[in-house]
Amino acid sequence: MFTLNLIPSTPITFSKSTHQYFPIKRIQTPKNLAESPVFLTKSTPLNFNKIHACPFGKIQALSTKTTHLGKILENPSRKAGSHVPKAAASSESNPEGEAESVEAAAAAKSKAKTLQLALVFGFWYFQNIVFNIYNKKALNVFPFPWLLASFQLFAGSIWMLVLWSLKLQPCPKITKPFIIALLGPALFHTIGHISACVSFSKVAVSFTHVIKSSEPVFSVVFSSFLGDTYPLKVWLSILPIVLGCSLAAITEVSFNFQGLWGALISNVGFVLRNIYSKRSLQNFKEVNGLNLYGWISIISLFYLFPVAVLVEGSQWVQGYQQAIQTVGKASTFYIWVLLSGIFYHLYNQSSYQALDEISPLTFSVGNTMKRVVVIVSTVLVFRNPVRPLNALGSGIAILGTFLYSQATAKKVSAPEKKS
């Protein structure tokens, strides 16, 4: 029995009504008014049929206050706390469950990021391999690197103009100071690109890439002349690069001085492009890497094509006829040239996108591994003979490039930690 002793001197008993608000149905006079009220104890069974000691004037207020209690009693199967609003229940959720959900979301985000980087690196490597293969095929039957290099810049320029016109890529605001600032980087880019194409036309692709892996040596030397300082680890890391490239050059089957000098000059051109870009484009940081490379390609085309006409323009017609006779089908030759032009721009575009997504250290390591993948792929496709010492020299040079990327990354991260 559940009893309330509000006014002990006036005990009155009310029977439970079937109505949810418990209105007064009948007032019963207790048989024994002298009976002392019974209070709720642990041993007392719960019985809500009678409520004792409630004065008549307060019954309606009591019935209103007990409305919610009646609803609960009408459905005893409800779990405790089930009448709490959902918002309150959610605010009192289990902290451990929230922590697990946060960890699961972080893990899912990390997996998505890893997948995205894998796709970026995969496209970057694939496009680079395709470019090197079809560029070499075209040069084997049409040994005019100046025209082919010009077409590759032309293809990249058309690609960027299409992206800008269709608004697939936001076009940067073009101003006279911006164009003037691009003249220097575009000139050095032109030198680096045409020199690499000349090297590709004279020696095996694998040898060109081994020599081009010595680019960090030129970067350290030129930057030091301009006032930059490097720790001892950086200088030690370029020693295996020099040793490996020298060993690879001595033992290269397809060795050619024009090919060697072309690769070395290409390194100089690209290093000066990077150094000059940092100095001349500091006021144009709002232009992203892809748009910057697009405008460099356009300006480089204006630099290169007139010189290409002067250097080898008189031989293009005869060389084209010989290329068609060698290949057998003009369409096959066109496809080779077209693929070399498109994938030249695409692999550079992917490299800029990768650099936007990852740290410079990861990019350097990825670039080193890219050379390994390209060297192995071209050796397998063109079946170039590789001597054991040549392979050893190539491996030492690639290892030195990796060590250089590690050393320079630590050099860059040190000032960031201090700041």
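1. Helix 6 bends by about 35° at L183, and a proline, P185, follows within four residues; the bend at a residue is the angle between axes fitted to the seven residues ending there and the seven starting there. This is a predicted model, in which local features need pLDDT of at least 70 and side-chain atom pairs count only at pLDDT 80 or more, while totals for chains, interfaces and linings use all residues. Residues are numbered from 1 along each chain as its sequence is written, and side-chain values use heavy atoms, with hydrogens and water left out.

2. Despite that bend, helix 6, which runs over residues 176-202 and has 27 residues, reaches 39 Å from its first C-alpha to its last, close to the 39 Å expected at 1.5 Å a residue. The expected span is 1.5 Å times one less than the number of residues, and helices (H or I, at least four residues) and strands (E, at least two) are DSSP runs, numbered from the N terminus. Because 19 of its 27 residues are buried, helix 6 is largely enclosed by the rest of the structure; buried means under 20% relative accessible area, exposed over 50%, and partly exposed in between, with a 1.4 Å probe and protein chains only.

3. For the whole chain, the count is 15 helices and three strands, and 41% of the 419 residues are buried. Among contacts with a separation of 6 or more, 87% come from residues 24 or more positions apart, where contact means heavy atoms within 4.5 Å.

4. An unreviewed UniProt entry carries the annotation "transmembrane region" for several spans, including 178-201, 257-276 and 331-347; UniProt positions are given in the numbering used here, feature names are shortened, and annotations may be inferred rather than shown by experiment. In the model, residues 257-276 are 100% helix and 0% strand, with end C-alpha atoms 28 Å apart, and residues 331-347 are likewise 100% helix and 0% strand, with end C-alpha atoms 24 Å apart.

5. The largest nonpolar core has 38 residues, of which W124, F142 and F333 touch the most other members; such a core is a set of buried Ala, Val, Leu, Ile, Met, Phe, Trp, Tyr and Cys residues joined through side-chain atoms within 4.5 Å. The elements that give two or more residues to this core include helix 4, helix 6 and helix 13. Leaving out residues up to four places away in sequence, W124 touches several residues, among them Y347, F363 and K370.

6. F121, in helix 4 (residues 95-141), is buried at a relative accessible area of 16%. Its C-alpha lies 9.5 Å from that of F363, although F121 and F363 are 242 residues apart in sequence. Beyond four places in sequence, F121 is in contact with I358, T362 and G366.

7. H345 belongs to helix 13 (residues 330-357) and is buried, with a relative accessible area of 1%. Its contacts, leaving aside neighbours within four places in sequence, are G156, W159, M160 and Y293.

8. Y404, in helix 15 (residues 388-418), counts as buried at 13% relative accessibility. Y404 and S237 are 167 residues apart in sequence, yet their C-alpha atoms are 5.0 Å apart.

9. What is the state of the cysteines C171 and C245, buried or partly exposed? C171 is partly exposed, with a relative accessible area of 46%, whereas C245 is buried at 8%. The structure holds zero disulfides, a disulfide being a pair of cysteine sulfur atoms within 2.5 Å.
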